[in-house]
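Welcome! Please take a moment to look over the sequence and the structure below before reading on.

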Amino acid sequence: MSHHAMLSLHETTILSETFRLMGDPTRLRILHFCLTGPHAVGNIAQNLALSPSLVSHHLRLLRGARLVKRERRSHQIFIPWRIIMSPLCCWTW
């Protein structure tokens with residue numbers, strides 16, 4: 001019998017929200033694309049055939065859930081995004 005620690009209500013809520021966010025096909029495509037490295041919104045939009053405003057909307061939601069993070073680069077005009085997946089990193093399967 002496996003002995004896993006029970007998830008707290010807070011942890012369960014975070015995981016539930018994370019899975020809800022990841023249930024959207026467009027967000028999953030964006031997350032999958034961001035696994036290849038940091039990308040600017042325009043690059044994500046172009047490669048996934050989406051509008052930049054739609055990509056920005058989804059990235060805001062993913063950022064709020066701490067699934068992606070903006071990386072500021074002083075000599076670049078764009079702000080690349082990278083995936084961090086922090087809510088899932090602490091979950092013991």
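The report below starts with the whole chain and then turns to single helices and residues.

## How to read the model

This is a predicted model, in which local features need pLDDT of at least 70 and side-chain atom pairs count only at pLDDT 80 or more, while totals for chains, interfaces and linings use all residues. Residues are numbered from 1 along each chain as its sequence is written, and side-chain values use heavy atoms, leaving out hydrogens and water.

## The chain as a whole

The chain has 5 helices and 2 strands, where helices (H or I, at least four residues) and strands (E, at least two) are DSSP runs numbered from the N terminus. Starting at the N terminus, their order is α-α-α-α-β-β-α.

Of the 93 residues in the chain, 33% are buried; buried means under 20% relative accessible area, exposed over 50%, and partly exposed in between (1.4 Å probe, protein chains only).

Helix H2 spans residues 25–34, and its buried residues are Thr26, Arg27, Ile30, Leu31, Phe33 and Cys34. They lie on the same side of H2, because they cover an arc of only 165 degrees around the axis, taken from the directions from the helix axis to the C-beta atoms. Pro25 and His32, on the other side of H2, are exposed.

The N-terminal end of H2 is capped by aspartate 24, which has a side-chain oxygen 2.9 Å from the backbone nitrogen of threonine 26.

## The nonpolar core

A nonpolar core is a set of buried Ala, Val, Leu, Ile, Met, Phe, Trp, Tyr and Cys residues joined through side-chain atoms within 4.5 Å. The largest one here has 17 residues, and Ile30, Ile44, Val55, Leu59 and Leu62 have the most contacts inside it. At least two of its residues come from each of H1, H2, helix H3 (41–48) and helix H4 (52–64).

Not counting residues up to four places away in sequence, isoleucine 30 touches Ile44, Leu48, Leu50, Val55, His58, Leu59 and Leu62; contact means heavy atoms within 4.5 Å.

## Two buried residues with polar contacts

Histidine 58 belongs to helix H4 and is buried, with a relative accessible area of 7%. Its side chain makes a polar contact of 3.0 Å with that of arginine 27. Such a contact is a pair of N or O atoms within 3.5 Å; within protein, one must be able to donate a hydrogen and the other to accept it, and residues adjacent in sequence count only if both atoms are side-chain atoms.

Threonine 18 sits in helix H1 (residues 9–22) and counts as buried at 1% relative accessibility. A polar atom of the threonine 18 side chain lies 2.8 Å from the backbone oxygen of isoleucine 14.
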